[in-house]
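Q: Please take a close look at the nonpolar core of this chain, and set it in its surroundings.

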Amino acid sequence: MINSLLQSLKLLAFLMGVPFGFALLLQWIGSGIRKSGVSRLGNAYWYLVSPGVACHETGHALGCLLTFCCITKFVPFRIGEDGTLGYVQHEVKSGWKGAVSNLVIATGPIWFGCIVIVALARRFAGTAMVSNH
């Protein structure tokens, strides 16, 4: 019984620890990229990343639309005093439907970003990127 409990705890630590560690690593890399970009380009850096910020916020907004959450404010890009580059304010639902809604809204930038990347790749690379050869 104790062996099973220890194995479960090890598995839980692995399943939670690896993604958390990876997220911390990506956060650290992103912070370094931002610092380097701002130090080299100044405020022009924020305008360089603005299409990505707008895409990110659009993903959140589409998540709201897919889950029928009312969007109260949508700001795809702005340079805020507090470092905020964009945001989506929306109603918050409760219960299991709210949990599913929050999951879809929170992951919206991931799936919408993937769709945008595939669409741009198909547009500029044509079908060569999906060749069977």
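A: Start with the surface. The chain exposes about 10000 Å², an area from the Shrake-Rupley method with a 1.4 Å probe, where for residues only the protein chains shown count as cover. Carbon and sulfur atoms supply 70% of that area.

This is a predicted model, so local features need pLDDT of at least 70 and side-chain atom pairs count only at pLDDT 80 or more, while totals for chains, interfaces and linings use all residues. Residues are numbered from 1 along each chain as its sequence is written, and side-chain values use heavy atoms, with hydrogens and water left out.

Now the core. The largest nonpolar core holds 5 residues: Ala61, Cys64, Cys69, Val88 and Ile105. Such a core is a set of buried Ala, Val, Leu, Ile, Met, Phe, Trp, Tyr and Cys residues joined through side-chain atoms within 4.5 Å. Buried means under 20% relative accessible area (exposed is over 50%, partly exposed in between; 1.4 Å probe, protein chains only). Of the 133 residues in the chain, 21% are buried.

Look at Ala61. Its neighbours within four places in sequence are set aside here. Ala61 is then in contact with Ile71, Phe74 and Val88; contact means heavy atoms within 4.5 Å. Val88 is also a member of the core.

Step back to the whole chain. Among contacts between residues at least 6 apart in sequence, 46% join residues at least 24 apart. Along its principal axes, the C-alpha trace spans about 60 × 45 × 40 Å.
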